[in-house]
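Q: I would like to learn how to read a protein model step by step. Could we go through one together?

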Amino acid sequence: MNVTLSSLEVFNVSVSRWWKRALAGFLAALALLFLIPVAALAQGATHVGYGEGGYQRTGQARIWHDPSGQATLADALAALESGSFSPLAGGGSTGLQKGSYWSYFELHNTHQQALPLHLEYVDHQLIRLQAFARGDSTTGFLELVDLSMGGAFTQRPVFHNRFVVPVELPPGETVKFLVRYDSEEAGFVFPSMRIWTPDALSKSHTGETAVLAFLFGGIALISLFSLIVGITTGDSSFFAYFVYGISKIVAWATILGFTHQYVLQQDFHWSYMSATGAVSILCGVVFDRLFLQTRKYTPRLDYILILMMVNAGVLLVSAILQIKTVALISITLALLLYPASTVIALVRWRQGSSEAAVFAVGWTLLLAGLFYQALRDLGVVDHNLVNYYLPPLSSFVEMVTIMAAMGVKLRRVRIQALESERQYRRHLEQSKVKLEGLVRARTEELEKAKQLAEMEARTDPLTGIRNRRSFLADAGLCIKRAYRQSEPASLLMFDIDHFKSINDEHGHGVGDEALRQFSAAIQTKIRETDVFGRLGGEEFALLITESKPDSLHTAERLRDAIAGQYPQGRSASPRVLVWRIPLMMFPSSN
């Protein structure tokens, strides 16, 4: 137990010493971080050498704001002499201000050889930059460059998407600089310059271009894939996502200056950045509405997206008409309304849309990048290359994340399609069975109707026995069969005497009833193989396969049976004629 306690004590002492050293190092680094600008300001000049790789920034120690934007070099020198230049407050941005800013700084060449340097403006949101310099051997400030966004890109001294001022410091000398930053009307200004050697800046620019090319290429591939899926599925949201991705590439390439560098090298204007940004926002909101189906599932929240579309239209019009103040207000409003898409996505997720949750994550990542950009523009956080490229990077991450959401949606649609197909097949099978039953029932009905029709065509409707046509057909077959089998056949003809008087005295109804009773009486006395039918009126016929004596006996028997159906004393019994089929028709006679 004592050994264990001793070990714990040693461990606690070691940890305590480690934390103390770490805390001391952190405080030293923090002090160094805050003391560097003070030391630089107190020193008056920034020492530079051959290893400058953009790590040193200068220009924010002495800043003068000219609200009119009309001050000349002489006015700036007078302000410098009067002590009007002061350190810039905040993290490197002037905020949204009108006019221009002047920056004064000094660079000291620590080497005994001439030192070529490139001073790079840290951001792209600048309309014009003028740089003046004065060395120890010169009597006044001389203009180095006068760069403007609207100027031809080919006239820039350094091939770079941002403003770059090339300088050469004499050996061991200190050169003083005055730089004018102009945003025209109103805008965000970052009065600071990064210090590079030419080779280091060139390598950095190549790396930045490669990274952006990778991001733009990724967005282009995602957009192309979305187009292919849209053509395959016919889903309009995939087409909207394709247009949205292309608009993002155009917007960021224009905002970051690469469109001016490689495409529109003549007569470039700030309105192009606002116009492409407006189109990108508009395409994004249209995609949001289609993907989240807000018009159907969240109709009230859909009005917010409609407001965002209207605001994007205002931004586009203000960019076309080159009304910068309205454009800035529209952009600010668009950023304030952007979180609404995340809220709507969460609502849709609560409604059961799983892809809406992934969409909310992607859109929130985009918001994080844009929010950090807003903090940088307002001067809350310091400006550096990381947060400078954070917005396009967050756009790329947003595209990838939302593409995953599109995949979730596509999977859900596919599952629904398979389920619909299964239900359709099940319904089809049920319909098939039902249809087969209906066809079977209909077939039976048709067969019965056919049999009924055939029976009606062959049957006398009054008596229910064969009609003339049916009797002749069946009798012919019976005669042929008797002929083949060498059997005798006899034909008996029936005619009811005085039948007309029955109709006249008692009516046709009684006459019809007499015919029916006559037919029924005959049918009860004959065989199933005998052919009995009504030839017409009161005339009937019976074909039997019997010899002559048997036929005569049958005829008498039938006549007596019929005579019994009528009242005594009336001569209404049928008259029976027995016809013997000529025996010569048969091979042998009986």
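Predicted model: local features only at pLDDT ≥ 70, side-chain atom pairs only at ≥ 80, totals over all residues.

Q: How many residues does the largest nonpolar core have, and which have the most contacts inside it?
A: In soluble globular proteins, nonpolar side chains tend to be buried together. Here the largest nonpolar core has 53 residues, and those with the most contacts inside it are Tyr241, Tyr244, Phe287, Tyr338, Phe359, Trp363 and Met406. Several helices give two or more residues to this core, including helix 3 (198-233), helix 4 (236-255), helix 11 (354-377) and helix 13 (390-458), while the largest share, nine residues, comes from helix 6. Apart from this core lies another, of 30 residues, with Ile63, Val122, Leu126 and Leu169 among them.

Q: Which residues does Met406 touch, beyond those up to four places away in sequence?
A: With those sequence neighbours left out, Met406 touches Ser226, Ser237, Phe238, Tyr241, Phe287 and Phe291.

Q: What span should helix 10 have, and which of its residues are buried?
A: Counting 1.5 Å a residue, the twelve residues of helix 10 should span 16 Å, and the 17 Å between its end C-alpha atoms agrees with this. An α-helix has 3.6 residues a turn, so residues three or four places apart point the same way. In helix 10 the buried residues are Ala340, Ser341, Thr342, Ile344, Ala345 and Arg348, and the buried residues of this helix pack against helix 6, helix 7 (294-297), helix 8, helix 9 and helix 11. Arg348 also lies over the face of Tyr297, at 4.2 Å from the ring centre. Just after helix 10, Gly352 takes a positive phi of about 115°.

Q: How many aromatic pairs does the structure hold, and why is the pair of Phe494 and Phe518 edge-to-face?
A: A pair of aromatic rings is described by the distance of the centres and the angle of the planes. The structure holds 22 aromatic pairs. In the pair of Phe494 and Phe518 the centres are 5.9 Å apart and the planes stand at 65°, so this pair is edge-to-face. Because Phe494 lies in strand 11 (residues 490-496) and Phe518 in helix 16 (residues 508-523), the pair ties together parts that are 24 residues apart in sequence. Both Phe494 and Phe518 are buried. Elsewhere, one aromatic cluster is formed by Tyr241, Tyr244, Phe287, Phe291, Tyr338, Phe359 and Trp363.

Q: Why does His160 count as buried, and why does Thr259?
A: The reasoning needs one cut-off, since buried means under 20% relative accessible area. His160, in the loop between strand 7 (142-148) and strand 8 (164-169), counts as buried because its relative accessibility is 1%. Leaving aside neighbours within four places in sequence, His160 is in contact with Glu120, Phe153, Leu201, His205 and Gln261. Thr259, found in helix 5 (residues 258-262), has a relative accessibility of 12% and therefore counts as buried.

Technical notes. Residues numbered from 1 in each chain as written. Heavy atoms only, no water. Core = buried A, V, L, I, M, F, W, Y, C linked by side-chain atoms within 4.5 Å. Buried < 20%, exposed > 50% of the residue type's maximum accessible area, 1.4 Å probe, protein only. Helix = DSSP H or I, 4+ residues; strand = E, 2+ residues; numbered from the N terminus. Contact = heavy atoms within 4.5 Å. Expected span 1.5 Å × (residues − 1). Phe/Tyr/Trp six-rings, centres within 6.5 Å; stacked < 30°, edge-to-face > 60°. Lys NZ or Arg CZ within 6 Å of the ring centre and 35° of its normal.
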